[in-house]
Amino acid sequence: VGFDWLSVALVLGGVLLLYYVVPLVSLFLSVPAGDILAQITNPTVVDAATTSLLSASVSTVIATLFGLPLAYWLARTDGAVMKGVLAVVILPLVLPPTVGGIVLLTVFGPGSPLGEAAVAAGFPLTRSLAGVVLAQTFVASPFVVVTAKAAFESVDQTLEYASRSLGEGRLTTARRVTLPLAGPGILAGVTLAFARAIGEFGATMMMAYYPRTMPVQIWVAFIELGLDNAYPVAILLVGIAVAALAVLN
Amino acid sequence: VGFDWLSVALVLGGVLLLYYVVPLVSLFLSVPAGDILAQITNPTVVDAATTSLLSASVSTVIATLFGLPLAYWLARTDGAVMKGVLAVVILPLVLPPTVGGIVLLTVFGPGSPLGEAAVAAGFPLTRSLAGVVLAQTFVASPFVVVTAKAAFESVDQTLEYASRSLGEGRLTTARRVTLPLAGPGILAGVTLAFARAIGEFGATMMMAYYPRTMPVQIWVAFIELGLDNAYPVAILLVGIAVAALAVLN
Amino acid sequence: MTLELSRLRKSYGQFDFGPVDLTVDDEVLAVLGPSGSGKTTLLSLVAGIAVPDAGSMRLDGRELVGLPLEDRRVGMVFQEGALFPHMTARENIEYAARDGDRVGSLATLLELDGVLERKPATLSGGERQRVALARTLATDPDALLLDEPLSSLDAPIRKRLRDELYRLFESLDIPVLYVTHDQRTATALGDRLAIVRDGGIEQVGPPSTVITRPTSRFVARFTGTENVFDGTVTDRPSTGATVSVGDVRLQTTVSDVPASAVTVCIHPSRITVEAPDEADENRPANAVTGTVARWLNEGSEYRIDVECDAGSITLTTNVRPPTFERLALANGTELSVLIPRESIHLIPEHE
Amino acid sequence: MTLELSRLRKSYGQFDFGPVDLTVDDEVLAVLGPSGSGKTTLLSLVAGIAVPDAGSMRLDGRELVGLPLEDRRVGMVFQEGALFPHMTARENIEYAARDGDRVGSLATLLELDGVLERKPATLSGGERQRVALARTLATDPDALLLDEPLSSLDAPIRKRLRDELYRLFESLDIPVLYVTHDQRTATALGDRLAIVRDGGIEQVGPPSTVITRPTSRFVARFTGTENVFDGTVTDRPSTGATVSVGDVRLQTTVSDVPASAVTVCIHPSRITVEAPDEADENRPANAVTGTVARWLNEGSEYRIDVECDAGSITLTTNVRPPTFERLALANGTELSVLIPRESIHLIPEHE
């Protein structure tokens with residue numbers, strides 16, 4: 001009996017793995033390599049790639065800059081206030097991206113006071129690179145906070161006490177002890193945030209259909225020209241995902 | 001100097017928190033409560049909610065059934081093979097959802113042999129509830145695996161050895177020791193997967209624009225009728241996200 | 001230098017620490033107590049890791065309360081060393097050293113020359129603790145706190161490092177607080193001993209006084225007095241009271257017994273045994289006859305339980321192997337137990 | 001019941017365990033060794049947690065290799081108890097009990113009646129270990145393995161539980177493997193002692209033999225022989241060899257010394273000290289004069305280092321407080337050290 005259950009478990013896990021792997025392999029089998037190279041240099045693809053890389057980089061920097069202090073505070077605090085703050089951080093993670101887009105539009109959209117003022121100032125917050133960044137930051141930054149929190153928690157607080165009892169202040173302790181030790185975990189969080197930002201679709205569709213990011217470009221190509229025309233961007237994005245995966249391991 | 005840095009850090013974290021909270025509050029301030037109640041009973045909204053809840057439930061059950069054995073194996077194994085399998089599980093997490101939709105289409109789309117056969121059998125795998133489930137499962141199931149893996153890892157393996165050295169087999173040990181202790185973590189993973197499934201947009205847009213799930217309905221309402229008409233579904237989804245958050249804490 | 005704690009208090013949920021008053025001069029104060037008694041809380045408060053609810057702490061006249069850790073000049077050696085895992089032993093010490101020469105001299109003092117370039121993970125437990133000690137000493141602290149630095153080491157290494165600590169402490173002219181749950185380490189290293197229980201200090205004094213003159217049953221048990229009996233004072237001349245334990249009557253040298261119901265404490269190490277025919281009635285010791293009920297080989301000594309012929313009490317003592325063999329001790333062996341008068345300690349009963 | 005291990009081997013990366021041959025009858029075999037020496041690996045192999053690379057293990061004639069944990073009938077008490085945290089003490093024991101009455105009788109035997117309805121997190125360390133023991137005994141195992149069950153307990157509780165274990169083991173008729181790094185526990189509980197080092201068994205025998213007749217310097221040091229010297233055999237009559245350590249000449253009772261370069265081992269507990277005027281040249285012991293170089297109060301005994309007048313060796317011994325006080329020992333006190341001939345043990349040098 002024990003043996004049977006073990007086999008069933010292995011089969012179930014194996015099927016799930018196949019479900020992840022087979023479609024990816026199938027993508028690469030669907031396209032001749034030569035075609036892809038030709039299409040990847042198409043100006044539409046290059047524009048989308050530029051927009052995506054630029055916006056995702058900016059979003060990730062913002063998420064890291066604003067997220068790390070919050071992550072450290074969450075890691076070193078206990079009690080109800082911490083729990084409440086953590087819930088606020090997790091909410092964007094469980095919120096559907098399209099809903100994220102909607103709520104951002106209520107603040108930054110052309111109909112809102114802030115959005116109107118921004119348009120008047122010649123710096124529109126929707127249908128602009130700023131809109132893309134706002135959408136990506138909302139959706140991706142919690143990944144930095146949650147992952148960096150775990151990374152900071154993995155650094156024994158005793159080490160920080162030891163550093164300070166040796167006469168070094170908080171800042172030196174953070175720079176020479178905490179950050180180096182939490183480094184790999186923080187990098188993982190930053191990588192996840194970048195991957196999430198570059199893949200952002202739902203909130204971006206609401207906030208900034210133009211300029212087109214790669215996920216939006218995939219959608220447009222698929223709808224307007226058919227599946228084959230979505231392949232080049234998809235393959236670019238798979239490449240970025242695999243690179244992110246390499247950083248994570 | 002120490003004080004200044006502390007203040008800067010607090011301000012940065014606080015700004016990020018406001019960026020999560022203000023748009024959500026703004027959504028609720030944008031709509032009069034009476035309107036929402038009236039619109040929520042609209043058949044389009046009810047249909048979308050039914051499709052979403054049904055598909056997300058099925059996807060979550062599939063993800064849990066296939067994901068838990070894999071998670072347990074990952075938690076109790078070391079070495080290069082485990083690392084490789086883990087990378088395969090994380091790949092869908094860092095892959096943009098639209099790309100997920102594309103790769104699934106290469107396998108299940110109407111142009112693929114499998115898709116063609118399914119259509120012929122009267123059970124189309126795209127533009128159908130099955131398509132929604134396939135998309136959601138691909139995107140959401142890694143959350144079960146990754147979170148349940150951590151939950152299983154938090155159960156000291158010594159307890160399993162103790163159970164077995166007391167004469168109980170693997171199955172009894174799993175049922176009476178491992179699963180009860182990993183329970184809260186597994187529930188968190190299942191909740192995350194459900195939240196991710198119900199919010200799925202990118203892959204669903206590719207695989208099954210119809211029947212419309214709530215995120216797709218938000219998009220359609222926004223594009224065809226304007227922002228205000230997206231509010232009822234958005235508020236429903238915020239409610240589900242908050243419920244998920246309550247389960248997670 | 002003097003470290004003075006006064007009315008120091010701290011509450012964590014259910015656990016109340018203090019109020020504690022304590023003065024530590026240029027000496028080693030060994031803080032001994034069971035786990036959860038508040039030993040580590042005491043160190044945390046002095047080091048600045050925990051903030052007291054009330055009270056003051058003065059080191060060399062400076063008030064420590066309110067001062068951040070980094071400005072206290074209090075060195076702390078943490079339980080497992082708390083070495084920075086991403087730095088070599090040398091980098092760990094350099095992190096703290098005010099000048100470069102100090103690293104070299106400390107490495108020599110603590111016999112670390114061979115391991116300076118290694119990361120903590122590759123060091124043995126004893127080496128790790130020596131690096132932690134060197135790192136702390138490199139700051140020239142005004143007070144030194146140690147949190148069970150020997151507890152995770154194997155016996156021979158523990159003994160060796162304990163001897164090194166003993167020599168090191170003699171060369172330091174600062175207050176040293178040494179926390180441990182091991183009685184042998186505490187008595188060996190401490191100039192004075194403080195027994196901690198339930199967040200308070202139960203007794204402070206020189207080790208030999210605390211061991212032979214405990215002020216409570218708890219201190220008696222925790223410092224190894226296994227012979228603790230209920231007794232009644234039957235006679236109290238100025239030369240010393242007589243106390244009855246069951247049917248056994250014992251002469252003491254205690255002249256000021258306030259109560260008649262007392263707790264009688266006799267440390268096993270103060271009792272000697274001899275063959276019945278060796279007994280000499282004229283010695284100023286209580287001689288009790290009995291038989292060996294049980295013996296245990298504890299390596300460097302035997303522990304024996306002797307059932308007294310008169311009455312139902314069992315006396316525990318330890319015997320060195322040469323004596324054990326000379327008397328051919330075994331279960332049932334008859335012998336004479338000598339309890340010196342001055343080794344009988346009485347605690348008045350409060351109940 | 002007999003547990004027989006033969007040619008048992010297991011490699012983990014850099015660490016090689018075995019080959020180990022060991023037979024354990026209905027007795028307590030105390031396995032003593034430093035951390036990382038392979039003690040826990042030994043238990044893991046017998047329990048079935050680790051799979052050996054080679055060799056066989058037979059319990060009561062049954063081959064254990066290849067059998068899953070749950071079919072071995074080998075009970076194991078884990079280091080911290082490994083109680084199921086979501087079950088009460090009673091539920092933990094019932095998890096293992098083959099019938100209901102067993103829970104009640106075990107609870108009574110191990111004094112657990114008052115705590116049966118409590119969760120492990122609310123139990124003290126000693127209670128947790130007693131529940132773990134009850135849970136394991138509830139399965140009526142054919143062999144019992146214990147992995148440092150006392151190591152995390154405070155001294156008085158440790159001593160008490162050790163005494164309870166001693167009585168319990170006497171009532172069991174199965175092989176018991178008791179792993180510890182504490183020499184006192186090992187010698188007190190073990191019918192035999194196995195010294196483990198670097199994945200191999202260095203010496204097995206009754207505790208008193210292992211302590212007084214170690215077969216290597218490592219065993220000597222690990223069992224508390226602090227007096228370990230390089231010596232030269234200068235004379236070897238049949239009554240016993242004479243050995244020189246520096247300028248000190250010692251008479252032994254060893255008649256079969258193969259080498260002339262030897263390691264001289266004298267356990268501190270075998271040495272006695274007396275005032276110089278008490279010395280009696282006619283006793284069959286080596287008398288060496290010296291002065292006290294250092295003393296340490298270890299609570300129930302004093303440890304003293306004596307620098308010998310003749311030559312550069314320092315002898316360490318322990319002295320009971322009555323003797324310490326009678327001789328008024330202090331640094332610089334002159335005294336006579338008696339080393340019984342039969343307590344000098346020689347190990348041939350291999351280098």
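The dialogue below takes up an interface and then a sheet.

Tutor: This is a predicted model, in which local features need pLDDT of at least 70, side-chain atom pairs count only at pLDDT 80 or more, and totals for chains, interfaces and linings use all residues. Residues are numbered from 1 along each chain as its sequence is written, chains are lettered from A and ligands numbered from 1 in the order in which they are written, and side-chain values use heavy atoms, with hydrogens and water left out.

Student: Which chains share the most contacts?

Tutor: Contact means heavy atoms within 4.5 Å. Of the four pairs of chains in contact, A and B share the most; 75 residues of chain A and 75 residues of chain B take part.

Student: How much area do chain A and chain B bury between them?

Tutor: The size of an interface is often given as the accessible area lost when the parts come together. Here the value, taken with a 1.4 Å probe and summed over both parts, is about 6500 Å², 85% of it on carbon and sulfur atoms.

Student: How many salt bridges does the rule find across the interface of chain A and chain B?

Tutor: The rule requires a side-chain nitrogen of Lys or Arg within 4 Å of a carboxyl oxygen of Asp or Glu. It finds zero between chain A and chain B.

Student: In what order do the strands of the sheet in chain D lie?

Tutor: Two strands pair if DSSP finds at least two bridges between them; strands are DSSP runs (E, at least two residues), numbered from the N terminus. In chain D the open, antiparallel sheet has the order β2-β1-β4-β5. β2 (15-24) and β5 (62-63) of chain D each have a single partner strand, so one side of each lacks a neighbour in the sheet.

Notes:
Buried area is the accessible area (1.4 Å probe) that two parts lose on being put together, summed over both. Helices (H or I, at least four residues) and strands (E, at least two) are DSSP runs, numbered from the N terminus.
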